Amino acid sequence: MSATTVLFTLAENPPARMDKALALNVPLDASLSRSRLMRLLADGAVQVNGTVVTDPRARPVEGDTVEISVEIADDYHVLPENIPLDVVFEDDDLIVINKPTGMVVHPAPGTPGGTLVNALLHHCGDALSGVGGEKRPGIVHRIDKETSGLLVVAKTDRAHHRLAAQFEAHTVERHYRAICYGVPDSNDPRVRGIKGASFEPGNILKLQTQLARHKHDRQKQAVIWHNGRHAVTRARVVQPLGNPAVAAVMDCWLETGRTHQIRVHLTHAGHGLIGDPTYGGRRKLSEKAVGEGGRIAAYTFPRQALHAATLGFQHPVSKEMLRFEAPMPADMVGLIAALGGTQG
C-alpha cells in the first residue's frame with residue numbers, strides 16, 4: 001500500500017459538524033464517500049490546520065486547511081505512453097496543452113491509461129512537478145473528459161505552487177465557448193425570475209449561487225443556497241443559432257472554478273449545454289428553425305458542447321503575463337454550421 005494526500009480548504013458557511021463539512025468540501029475527484037471519510041477521521045488520517053482531528057462532531061471553520069492521508073492499493077503504476085499532444089506553449093517551468101475531447105486528465109482505477117498524465121510523462125520525462133503524487137504529477141487544474149481545450153501543467157514544484165495560488169485567488173483568466181439551448185436575454189422575465197440570475201450591462205448573464213454535490217448522485221453537482229461552495233459564472237451570447245433563434249454560441253467566463261460549474265449554472269438558468277448527458281438533457285429543436293439536419297445534429301451531439309478557449313495567467317517565474325487561445329474543435333464547428341451559424 002502507498003498513500004496520497006488530499007488537500008483542500010473549507011468553503012464559507014460550512015456545516016456545523018466536521019464529518020459533514022468534509023463530505024461537502026472534499027474534491028470530487030478524490031472519490032471519498034461520507035462513510036470512507038468517517039473511517040479516515042476515526043483512523044487519525046485527517047488533519048485540520050496541521051492538527052489531527054478524529055471527532056466527527058468537531059466544529060469546522062471557514063478557511064480551515066484540511067489534509068487527508070489516503071492509503072491506496074498499489075494495483076497499477078502510471079506509465080509513459082506515446083500519445084500525441086497539442087502543445088501550445090512550453091518552457092522549463094510549465095507546459096500548456098490543448099486537450100482533445102475524450103481524454104481524461106489523470107489516471108484513476110477505472111482509467112489507468114490513455115490519460116493526459118500518461119502522455120505528459122512520455123513527453124516531459126522526469127520534468128514534471130511532483131506535487132500531486134505519482135497519479136497527478138504537475139496537474140494544477142482539470143477540465144472534464146469530454147470538454148476540450150486549454151490546460152496549464154507545472155514542470156517544477158515552484159511553478160506548481162505559484163500557479164495553484166493564482167487559481168485559488170481567482171486571478172486566472174478562463175473563457176469557455178459553449179453551445180446552449182435557447183438564447184439568454186435580459187428582456188426575458190423567466191430568466192430574471194430565477195434565483196441567483198441577473199444581468200449586467202451588455203446583456204451579460206451573471207449566475208451567482210452555491211454549489212455542492214447532488215444529494216442522490218455524488219457524480220453530479222447541484223445549485224444550493226446554504227453550506228455550499230460560492231460559485232460565480234458570467235456568460236454572453238456570441239451568436240444566436242436558428243431562425244428563429246433556438247440555441248446560441250456562448251462566451252462563458254469563471255470568477256470561481258468549481259466542478260462542472262458552467263454546465264450546472266447554465267442548466268440552472270434554463271439554458272443547458274447541447275449534448276450534456278448529465279445536466280443538459282436531450283431537447284428536440286424546432287425543425288422549422290434549424291432544419292432536419294440541425295435538429296438531428298443537436299439531438300445526437302455526443303458530448304457537452306464546451307471548449308476551454310482562453311487561458312491567461314502570470315508566468316510563475318518570469319512574472320510575464322501569458323494568454324493563450326485555442327480554436328473550437330471540429331465537432332463544435334460542425335454543430336454550429338448545422339444550426340445555421342458561422343465559425344466566426
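This is a predicted model: local features need pLDDT of at least 70, side-chain atom pairs count only at pLDDT 80 or more; totals for chains, interfaces and linings use all residues.
Visitor: Which backbone atoms does the side chain of glutamine 210 reach?

Guide: The side chain of glutamine 210 reaches the backbone nitrogen of asparagine 227 at 3.3 Å, and the backbone oxygen of tryptophan 225 at 3.3 Å. Glutamine 210 itself lies in strand 10, which covers residues 204–213.

Visitor: Is glutamine 210 buried or exposed?

Guide: Buried means under 20% relative accessible area. Glutamine 210 is counted as buried because its relative accessible area is 10%. Beyond its neighbours up to four places away in sequence, glutamine 210 touches residues including Glu12, Asn13, Ala222 and His230.

Visitor: How much area do domain 2 and domain 3 bury between them?

Guide: The size of an interface is often given as the accessible area lost when the parts come together. Here domain 2 and domain 3 bury about 1,600 Å² between them, with 58% of it on carbon and sulfur atoms. In domain 2, the residues that lose the most area to domain 3 are Asp144, Leu150 and Gln166, which together make up 26% of what that side buries.

Visitor: How many salt bridges are there between domain 2 and domain 3?

Guide: The count between domain 2 and domain 3 is one salt bridge, and ten residue pairs are in polar contact between these domains. On the side of domain 2 that touches domain 3, strand 6, strand 7 and helix 4 each give two or more residues, and helix 4 gives the most, with six residues.

Technical notes. Residues are numbered from 1 along each chain as its sequence is written. Side-chain values use heavy atoms; hydrogens and water are left out. Helices (H or I, at least four residues) and strands (E, at least two) are DSSP runs, numbered from the N terminus. Buried means under 20% relative accessible area, exposed over 50%, partly exposed in between (1.4 Å probe, protein chains only). A polar contact is a pair of N or O atoms within 3.5 Å; within protein, one must be able to donate a hydrogen and the other to accept it, and residues adjacent in sequence count only if both atoms are side-chain atoms. Contact means heavy atoms within 4.5 Å. Buried area is the accessible area (1.4 Å probe) that two parts lose on being put together, summed over both. A salt bridge is a side-chain nitrogen of Lys or Arg within 4 Å of a carboxyl oxygen of Asp or Glu.
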